[in-house]
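This report walks through one model, from its sheet to its helices and then to single residues. The sequence and structure come first.

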Amino acid sequence: MELSDELKRRLRQQFADAQISVQVQGSSALLGVVSNEFEGRSQVQRQQLVYVLIGDLIQTGELHAVTIQAKTPSEIDDLA
């Protein structure tokens, strides 16, 4: 399974209601997750929820650099 597919699978498993985007270049990834589960959580807490899903990929070196954009649906609406 490709890294991008694996990342999507893990994110979808945890954030079933989410809009998810994954961009992978080599061992770097940009992860975008828009979910109601982030309501009332700080950016650090949101990122921790995502990192727990991918920590093993970072430890094994399969994933080296990760950028996480974790937002709520209302934060996306505010940008429009």
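The model is predicted.

**The sheet**

Strand 1 covers residues 19-25 and strand 2 covers residues 28-34. The two pair in the antiparallel sense, over 7 bridges. They form a hairpin with 2 residues between the strands. Gly26 takes a positive phi there, near 65 degrees.

Strand 2 also pairs with strand 3. Here the two strands run parallel, again joined by 7 bridges. Ala29 stands opposite Val66 of strand 3. Gly32 stands opposite Gln69, also of strand 3.

Together this gives an open sheet of 3 strands in the order 1-2-3, with mixed pairing. Which strands stand at the edges? They are strand 1 and strand 3 (65-71). Each has a single partner strand, so one side of each is left without a neighbour in the sheet. Neighbouring strands are turned against each other by 10 degrees on average, direction ignored.

In a regular strand, side chains alternate between the two faces of the sheet. Strand 3 has a covered face made of Val66, Ile68 and Ala70. Its uncovered face holds Ala65, Thr67, Gln69 and Lys71.

**The helices**

Helix 1 lies across strand 1 and strand 2. Its direction makes an angle of about 155 degrees with strand 1. Helix 2 lies across strand 2 and strand 3. Its angle to strand 3 is about 140 degrees.

The helices also meet one another. Helix 1 spans residues 3-14 and helix 2 spans residues 43-59. Their axes come within 10 Å and cross at roughly 145 degrees. The crossing is right-handed. Helix 1 brings Leu3, Leu7, Arg10, Leu11 and Gln14 to the contact. Helix 2 brings Val50, Leu53, Ile54, Asp56 and Leu57. By class, the contact has 7 nonpolar, 1 polar and 2 charged residues.

**An aromatic pair between loops**

How many aromatic pairs are there? The count comes to 1 aromatic pair. Phe15 and Phe38 form it, with 5.3 Å centre to centre. The planes stand at 50 degrees, and the pair is tilted. Phe15 sits in the loop between helix 1 and strand 1. Phe38 sits in the loop between strand 2 and helix 2. The two are 23 residues apart, and the pair links distant parts of the chain. Both Phe15 and Phe38 are buried.

The table gives relative accessible area and class for a residue from helix 1, one from strand 2 and one from helix 2.

| Residue | Relative accessible area | Class |
|---|---|---|
| Ser4 | 17% | buried |
| Leu30 | 28% | partly exposed |
| Arg46 | 5% | buried |

Take Ser4, in helix 1. Is Ser4 buried or exposed? Ser4 counts as buried because its relative accessible area of 17% falls under the 20% cut-off. Leaving aside neighbours within four places in sequence, Ser4 is in contact with Val22 and Val24. Ser4 and Ile20 are 16 residues apart in sequence, and 11 Å separates them in space, C-alpha to C-alpha.

Leu30 is in strand 2. Leu30 and Ala65 are 35 residues apart in sequence but 8.6 Å apart in space, C-alpha to C-alpha.

Arg46 belongs to helix 2. Arg46 is buried, at a relative accessible area of 5%. Which residues are in contact with Arg46, leaving aside neighbours within four places in sequence? They are Phe38, Arg41, Ala70, Lys71, Thr72 and Glu75. Among them, Phe38 is a member of the tilted aromatic pair, and Ala70 belongs to the covered face of strand 3.

How values were computed. Residues numbered from 1 in each chain as written. Predicted model: local features only at pLDDT ≥ 70, side-chain atom pairs only at ≥ 80, totals over all residues. Heavy atoms only, no water. Axes fitted to C-alpha atoms, helices over the stretch in contact; angles between N-to-C directions. Helix = DSSP H or I, 4+ residues; strand = E, 2+ residues; numbered from the N terminus. Left-handed = near helix turned anticlockwise from the far one by under 90°. Contact = heavy atoms within 4.5 Å. Nonpolar A, V, L, I, M, F, W, Y, C, P; charged D, E, K, R; others polar. Pairing = 2+ DSSP bridges. Buried < 20%, exposed > 50% of the residue type's maximum accessible area, 1.4 Å probe, protein only. Phe/Tyr/Trp six-rings, centres within 6.5 Å; stacked < 30°, edge-to-face > 60°.
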